[in-house]
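Welcome! Please take a moment to look over the sequence and the model shown here, and then we can walk through the fold together.

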Amino acid sequence: MSEPALPPLEIDYQGDRLAGVDEVGRGPLAGSVVAAAVILDPACPIDGLTDSKQLTARRREALSARVREQALAWTVAEASAEEIDGLNIYHATHLAMRRAIDALSPAAEYLLVDGNRLPGHHVPGQAVVKGDARHPAIAAASILAKVARDAAMLELDARHPDYGFARHKGYPTREHLSALERFGPLPEHRRSFGPVKRQLALF
């Protein structure tokens, strides 16, 4: 059975400085949560923008490069594992989003944010459930954030190859949980997350 079609997206803004905002990395046990903000150029549309999870890694990387070349503005920002532990993942995600929005130049006049909550920024906007499948600017942000976070996980894998970060990207897979049990948490692990917290009590 196919999912029901999403309703048309009504946007209360008509200008050219609309920023799509999305994040990647709420669920992993390690690394930062990464957010991106993108203002696409209406005169230069990019074909193929959609939810980053529906794309192959190669296609995401190709689209990420096009967004960086052709968008009016784009930024990628993060909140660290330490900030996640201090704030909780919900507030840290919104912090990363606000950092991405603040770094846009030119600045955004209106925000379309994936999800059901705005991140508490002074720029007006609207939250859009399944937004990365409903607006190209949000899709572009999801692609930039995913590519950036995956690259960070590959770097972490190069430093700590025993944990398998290149494969699971920090998510709590059986491989990752097994490595946590064998080798213990790294500084990059989120200490407030249950599986990490439990291993910290043993080491």
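In which sense do strand β1 and strand β4 pair, and over how many bridges? Strand β1, residues 18-24, runs parallel to strand β4, residues 110-114, and the pairing covers 4 bridges. To find a spot in this pairing, look for Gly20, whose bridge partner in β4 is Leu112. Please keep in mind as you look that this is a predicted model.

**The sheet**

These two strands belong to an open sheet of 5 strands, arranged in the order β3-β2-β1-β4-β5 with mixed pairing. At the edges are β3 (73-79) and β5 (125-128), and each of these pairs on one side only. From one strand to the next, the twist averages 20 degrees. Helix α3, residues 89-102, packs on the sheet and touches β1, β2 (33-39), β3 and β4. The direction of α3 makes about 150 degrees with that of β3.

β2 and β3 pair in the antiparallel sense, over 7 bridges. Within this pairing, Ala35 stands opposite Ala77 in β3. In a regular strand, side chains alternate between the two faces of the sheet. The covered face of β3 holds Ala73, Thr75, Ala77 and Ala79, while Trp74, Val76 and Glu78 are on the uncovered face.

**The whole protein**

Stepping back, the protein has 7 helices and 5 strands. Along the sequence they follow the pattern β-β-α-β-α-α-β-β-α-α-α-α. What radius of gyration would a compact globule with 203 residues have, and what does the protein have? A compact globule would come near 17 Å, and the protein has 18 Å, which agrees. The C-alpha trace spans about 55 × 40 × 35 Å along its principal axes.

Buried residues account for 47% of the 203 residues. The accessible surface comes to about 10400 Å², and 52% of that surface belongs to carbon and sulfur atoms. Among contacts between residues at least 6 apart in sequence, 61% join residues at least 24 apart.

**Two helices that cross**

Two packed helices are described by the angle between their axes and the distance between the axes. Helix α1 (residues 57-70) and helix α4 (residues 136-159) pack at an angle of about 115 degrees, their axes being 9 Å apart. The crossing of α1 past α4 is left-handed. On the α1 side, the contact is made by Arg60, Glu61, Leu63, Ser64, Val67 and Arg68; on the α4 side, the residues are Ala140, Ile143, Leu144, Lys146, Val147 and Asp150.

Is Ser64 buried or exposed? Ser64 counts as buried because its relative accessibility is 4%. Leaving aside neighbours within four places in sequence, Ser64 is in contact with Ile143, Leu144 and Val147.

Arg149 has a relative accessible area of 3%, so it is buried. Apart from neighbours within four places in sequence, its contacts include Val24, Pro28, Val34, Lys169 and Arg190. Arg149 and Gly170 are 21 residues apart in sequence, with 10.0 Å between their C-alpha atoms.

**Details of the backbone**

Ser105 and Pro106 are joined by a cis peptide bond, with omega at about 5 degrees. Pro106 is found in the loop between α3 and β4.

Asn88 lies in the loop between α2 (81-87) and α3, and Lys169 lies in the loop between α5 (165-168) and α6 (174-183). Phi of Asn88 is positive, near 95 degrees, although Asn88 is a residue other than glycine. Lys169 is not a glycine, yet its phi is positive too, at about 55 degrees.

| Residue | Relative accessible area | Description |
|---|---|---|
| Ser64 | 4% | buried |
| Asn88 | 35% | partly exposed |
| Arg149 | 3% | buried |
| Lys169 | 17% | buried |

Technical notes
Residues numbered from 1 in each chain as written. Predicted model: local features only at pLDDT ≥ 70, side-chain atom pairs only at ≥ 80, totals over all residues. Heavy atoms only, no water. Pairing = 2+ DSSP bridges. Axes fitted to C-alpha atoms, helices over the stretch in contact; angles between N-to-C directions. Contact = heavy atoms within 4.5 Å. Rg over C-alpha atoms; globule rule 2.2 N^0.38 Å. Buried < 20%, exposed > 50% of the residue type's maximum accessible area, 1.4 Å probe, protein only. Areas by Shrake-Rupley, 256 points an atom, 1.4 Å probe, with all protein chains shown as cover. Left-handed = near helix turned anticlockwise from the far one by under 90°.
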